[in-house]
Amino acid sequence: MNASEAAPPAGHGDDLSAVAPQLRDLRRRSGLTLEAAARSAGLSPAHLSRLETGQRQPSLPMLLALARIYGTTVSELLGETVADRDAVVRAADMEPTHAGGWTYFQAGAPGRAMQALRVRVPYGTQGDIVRVHPGEEWLHVLKGRLRLRLGDTTHLLAPGDSAHFDSLTPHRLAAEDHDGVELLFLHTLLQSPTATLCLGPLTGELS
């Protein structure tokens, strides 16, 4: 089993119980076979089938990958609907979602071309997952220290530091300290059936 097919930590599955039927319906609406969608997401057909039937729960990188493939947003994959696109998102309305060990809060309205998240990354989670996809990303460290690898270069970001980069640059994120790290995270959502998120371990250590 590779990094992209790793199960999320125990106890987080119930938070994503609505994902399975959404994944199946959106794939069918996109006109993609199970095999084609799985190949684009870097998964095996069997693993995607288990996601669609609720036998496994996707990590946040998987959700981002599938949202791009199906031309939608993570919010729609999670079954979230909003009657109106309110310009203001209140802190009390930001419900946490757990995926792959991360906790994230939707800090922007769904259905926009840009997605805003507040993300908590515990120490030791998803440090071997490499992301490559079209678009741009911007992140800002709120608490803790972030180890960010962009291509062959590693950066250590402290509270108040930011990074803005092309998402086609292979990148991965990890908390530097045992207390974890909290981020503001913005990324563009390119509505393209060919847009993908590639997952897998890098060769060598993150250093």
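In this predicted model, helix H4 (residues 60-69) is largely enclosed by the rest of the structure, because 10 of its 10 residues are buried. Buried here means under 20% relative accessible area. What comes after H4 is glycine 71, and its phi is positive, near 65 degrees.

Next up is a sheet. Strands of a sheet pair through backbone hydrogen bonds, and the pairing can be parallel or antiparallel. Here, three strands make an open sheet in the order E6-E5-E8, and the pairing is antiparallel. Strand E6 (153-157) and strand E8 (171-175) are the edge strands, each of them pairing on one side only. On average, neighbouring strands of this sheet are turned by 20 degrees against each other, with direction ignored. Zooming in on one pairing, strand E5 (residues 146-150) and E8 run antiparallel and are joined by five bridges. Leucine faces leucine at one spot: leucine 148 stands opposite leucine 173, the latter in E8.

As for the rings, the count of aromatic pairs comes to zero, where a pair would need ring centres within 6.5 Å. A ring does turn up in another kind of contact, though: arginine 118 has its charged end over the ring of phenylalanine 105, at 4.3 Å from the ring's centre.

Definitions and conventions:
Residues are numbered from 1 along each chain as its sequence is written. This is a predicted model: local features need pLDDT of at least 70, side-chain atom pairs count only at pLDDT 80 or more; totals for chains, interfaces and linings use all residues. Side-chain values use heavy atoms; hydrogens and water are left out. Rings of Phe, Tyr and Trp (its six-membered ring) pair if their centres lie within 6.5 Å; planes under 30 degrees apart count as stacked, over 60 as edge-to-face and the rest as tilted. A charge sits over a ring if NZ of Lys or CZ of Arg is within 6 Å of the ring centre and within 35 degrees of the ring normal. Buried means under 20% relative accessible area, exposed over 50%, partly exposed in between (1.4 Å probe, protein chains only). Helices (H or I, at least four residues) and strands (E, at least two) are DSSP runs, numbered from the N terminus. Two strands pair if DSSP finds at least two bridges between them. Axes are lines fitted to C-alpha atoms, for helices over the stretch in contact, and angles run from 0 to 180 degrees between N-to-C directions.
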